[in-house]
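Me: I'd like to learn how to read pairs of aromatic rings in a protein model. Can you walk me through it?

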Amino acid sequence: MQRSAKIARSVGALEQLFNFLEQELSAEHVDEKTAFCVNLAAEELFTNLVRHNQGGADSILTGLDISPGQIELRFVDRDVEPFDPGSVPEVDINEPLEKRRPGGLGVHLVRSIVDRLSYSYDNRELTVSVIKKRN
Amino acid sequence: MLEITFGQDNSVIIEGRFDASQVDLALARFNEVTTSVTLYCEKLQYISSAGLGVLVRVQKRLMDSGQRMKLTQLSPHIREVLELAGFDAIFEIE
């Protein structure tokens, strides 16, 4: 099943993003843990696009491809500069509290919970996608 | 939707979804915390790196004055996120 939605380029549009995911994941009876991971990956990638590509189009195209074995989540962002979330340096999660700095944790979480993270950029169109295998 | 309420015996109850759109609200509520507290997470359904960032800021502020925040009653999913972030070394988790 393939579905897509245009989500406004705003952190305030997260509710719209979550509602889209909830509707589609529920309809396909995706288990709770997998759905949690898809939600988390979606928020981290979406908010990264919002923050890094503020001059882009008004909305970000969000696609979901749910098959019996896996879920592919895809964001297509138009009229933006390149930004590969996979290039974000790894955070050291063993750093003590006083040395912790903001940034990088979201991409670290995405890398940890999904099975594949992909990125492409062509003609000012950025596509970032993840694949999460279903439990 | 996120709710943070203050209970008795230095308890703080957090409910709902702690995503990036809730950061300002959460920071405002947690700014009222000035002593050691236990954060009850039984009804916390979701947390992202934005929510984790708020918890770290609160913990840093509290520890600067010799206080701390302890987390309890986490769901398995929330606990896993905290562990992936290395927060089990920053917070006492019951």
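Me: How many aromatic pairs does the structure hold over all chains?

Reply: There are four of them, counted over all chains. Keep in mind that this is a predicted model.

Me: What describes a pair of aromatic rings?

Reply: You use the distance of the centres and the angle of the planes. Take A:Phe18 and B:Tyr46: their centres are 5.4 Å apart, with 70 degrees between the planes. Planes over 60 degrees apart count as edge-to-face, so that is the label for A:Phe18 and B:Tyr46.

Me: Where do A:Phe18 and B:Tyr46 lie?

Reply: A:Phe18 is in helix H1 (residues 14-27) of chain A, while B:Tyr46 is in strand S3 (residues 37-47) of chain B, so this pair joins two chains. Both A:Phe18 and B:Tyr46 are buried.

Me: What about the rings of A:Phe46 and A:Phe75, how are they arranged?

Reply: Their centres are 6.1 Å apart and their planes meet at 45 degrees, so you call this pair tilted. It links distant parts of the chain: A:Phe46 belongs to helix H2 (residues 32-52) of chain A and A:Phe75 to strand S3 (residues 70-78) of chain A, 29 residues apart.

Me: Are A:Phe46 and A:Phe75 buried or exposed?

Reply: A:Phe46 has 0% relative accessibility, so it counts as buried. A:Phe75 is also at 0%, so it counts as buried too.

Me: Which residues form an aromatic cluster?

Reply: A:Phe18, A:Phe36 and B:Tyr46 form one.

Me: And what lies over the face of A:Phe18?

Reply: That's B:Arg17, at 4.3 Å from the ring centre. B:Arg17 also lies over the face of B:Tyr46, at 4.3 Å from that ring centre.

Terms used
Residues numbered from 1 in each chain as written. Chains lettered and ligands numbered in written order. Predicted model: local features only at pLDDT ≥ 70, side-chain atom pairs only at ≥ 80, totals over all residues. Heavy atoms only, no water. Phe/Tyr/Trp six-rings, centres within 6.5 Å; stacked < 30°, edge-to-face > 60°. Helix = DSSP H or I, 4+ residues; strand = E, 2+ residues; numbered from the N terminus. Buried < 20%, exposed > 50% of the residue type's maximum accessible area, 1.4 Å probe, protein only. Lys NZ or Arg CZ within 6 Å of the ring centre and 35° of its normal.
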